[in-house]
Amino acid sequence: MAAQDPSLWWRQAVVYQVYPRSFKDTTGSGLGDLNGVTEKIDYLAALGVDAIWLSPFYPSELADGGYDVADYRAVDPRLGTMRDFDRLTETAHAAGLKIVVDIVPNHSSRLHPWFQAALHAAPGSPERNRYIFRDGRGPNGDEPPTRWVNHFGGPAWTRVPDGQWYLHMFTKEQPDFNWDNREVREDFLTTLRFWCDHGADGFRVDVAQALAKDLNRDDLDDYGVMSTNDMPADGSHPVLDRDEVHDIYHEWRREVFNRYDPPRFAVAEAWVRPERQYLYASPDDLGQIFNFEFAKADWTYPAMKAAIAEGLACAERSGSTSTWVMSNHDVHRHATRYALPQVPTHEYHQISADWALRMGRTYVENRPLGTRRARAALMLEMALPGSAYVYQGEELGLFEVPDIPWDRLEDPWPLRSDREESTKGRDGCRVPLPWTAADAPVPEHPNDQFGSHGSFGFSPAGAASDPHLPQPKWFKDFAVDVESDDPQSMLNFYRRVLALRHRLQTADTSCRWLDCDAPSGLNDGADGQPGGVIAYARENGWACVTNFASKPAALPGGEVLLTSAPLTDDGLLPQDASAWLSLR
Ligand code: NOJ
């Protein structure tokens with residue numbers, strides 16, 4: 001059995017995503033902090049993950065949850081200090097965990113000193129040239145250079161007092177950098193080295209598809225800035241997934257990643273067409289890319305099978321390994337997604353109770369079913385070759401919090417969109433974690449779903465501030481201490497699955513479909529969608545079988561190692577369940 005080369009740990013790691021402001025607060029500010037992560041290293045090590053990816057913890061005005069960075073080489077003082085970062089990294093390393101840092105290179109915060117300097121400098125100045133400033137259209141230049149709409153709604157250009165406009169693909173607080181400028185490139189090389197020197201083992205690269213832009217053409221208005229759907233597959237889009245973006249990553253690889261021992265790795269957050277993903281995952285490029293097809297897939301045989309096939313194909317083409325993601329801070333929690341009717345809408349991040357009601361859709365969250373499917377999905381995911389990304393709280397089986405009051409929301413998406421049209425955005429998966437059943441927020445009236453003066457152990461008892469997003473009453477049942485004591489809990493299930501994965505995993509990343517893998521040919525899957533059995537095996541005979549069909553399925557011969565739900569009395573695998581077997 002081939003053992004994994006330790007320097008290639010990232011090829012098949014379980015990476016736990018920490019959204020720092022919502023993980024653990026040690027100061028009572030209501031915001032999670034770096035010391036909170038350090039305090040919970042034992043918890044993460046016991047869970048069985050290999051690495052921690054820290055979403056941005058940099059100084060930020062939080063116009064977009066920290067993805068608006070005011071200083072790339074510092075810690076937000078509300079979250080700690082560089083010394084705290086170093087201590088976190090040392091503690092993680094001592095526990096055998098790697099640290100992955102989130103890099104946000106497409107845009108900075110408007111508070112970044114460079115952008116402030118650009119605002120105070122003249123059009124055409126070197127300061128302006130670090131960002132994308134243009135004159136407007138129309139006789140007085142008062143029409144934006146293009147009609148582009150930013151990712152959160154509203155124009156993608158904002159005018160400054162002297163009449164020029166700057167580009168922002170996200171909020172107006174997030175001006176896009178000009179990556180044609182050598183100074184920008186050098187500065188990011190310095191930032192990457194800075195974090196490597198502070199112990200970072202790898203990077204997650206935000207909006208990795210958008211850095212290279214070609215704005216010197218006449219057809220810009222024919223494109224949207226963020227729509228992946230109509231994105232050409234030949235690199236000809238003016239701002240997304242251009243071939244030149246890879247020159248940037250090749251330089252990162254050559255000048256930074258490969259200069260460290262062991263070489264650092266990176267994973268691209270790049271919503272690009274599946275056939276272009278391999279470019280980002282190649283060994284001379286970032287090294288890996290998130291397979292969002294898996295997160296987008298409905299809980300049906302064809303959708304899940306296609307997403308797995310895409311991931312494996314990308315890995316084969318790139319020579320890297322695939323990644324498997326079900327949840328992150330941008331999409332609604334998968335326990336909720338799988339608990340909703342599995343109609344193929346691809347609206348995986350747009351579900352929320354009030355939005356659904358407004359759209360005349362039913363929002364019936366069948367929690368036992370969502371939990372059952374989330375367990376089956378975990379086993380389906382964790383036996384696949386490649387890395388698996390676990391988003392904080394999914395190990396507790398947390399559901400989306402869809403009903404945060406409008407006046408408590410933080411996400412720019414709903415706040416900057418027309419409320420009548422909008423969902424409640426991404427805050428429902430970013431609610432601070434419940435660590436203890438005690439210290440529950442106290443409701444102000446019997447119908448209050450949230451309450452105040454308590455945080456389920458997220459903040460220290462008697463904290464001066466409530467958690468920055470409100471925790472619902474039902475979080476009590478999902479608290480870490482409650483689940484730790486319950487052998488049947490999702491938390492203990494995650495621990496078992498990850499421990500077994502570690503025992504069974506080898507360096508070989510081949511994967512073959514088993515004969516029993518087949519669509520059932522019937523609409524007997526979830527909510528009348530096609531059913532079937534996904535079954536695959538690794539080289540050492542470690543096999544996973546998942547049944548999406550209403551009819552219980554026969555397992556291939558072999559030793560059953562673990563199941564996500566009890567087998568039938570006849571030893572068959574029921575619907576919405578997975579089994580791991582040893583075929584030898
Ligand atoms: C992707 C991040 O995951 C998301 O949270 C953020 O809003 C955008 N990039 C912009 O940085």
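Me: In what order do the three strands of the open sheet stand, and what is the sense of their pairing?
Reply: In this predicted model, the order is β4-β6-β5 and the pairing is antiparallel; strands here are DSSP E runs of at least two residues, helices are H or I runs of at least four, and both are numbered from the N terminus. Residues are numbered from 1 along each chain as its sequence is written, and local features need pLDDT of at least 70.

Me: What makes β4 and β6 a pair?
Reply: Two strands pair if DSSP finds at least two bridges between them, and β4 and β6 (residues 165–167) have two bridges in the antiparallel sense, so they meet the definition. Within this pair, Arg-134 stands opposite Trp-165 in β6.

Me: What makes β4 and β5 edge strands?
Reply: β4 (133–134) and β5 (157–159) each pair on one side only.

Me: Why is strand β3 described as largely enclosed?
Reply: Buried means under 20% relative accessible area, exposed over 50%, and partly exposed in between, with a 1.4 Å probe and protein chains only. Five of the six residues of β3 (residues 98–103) are buried, so the strand is largely enclosed by the rest of the structure.

Me: Which strands pair with β3 in the parallel sense?
Reply: Strand β2 (residues 51–54) pairs with β3 over four bridges in the parallel sense, with Trp-53 opposite Val-100 in β3. Strand β7 (residues 202–205) also pairs with β3 in the parallel sense over four bridges, and there Asp-102 stands opposite Arg-204 in β7.

Notes: This is a predicted model: local features need pLDDT of at least 70, side-chain atom pairs count only at pLDDT 80 or more; totals for chains, interfaces and linings use all residues. Side-chain values use heavy atoms; hydrogens and water are left out.
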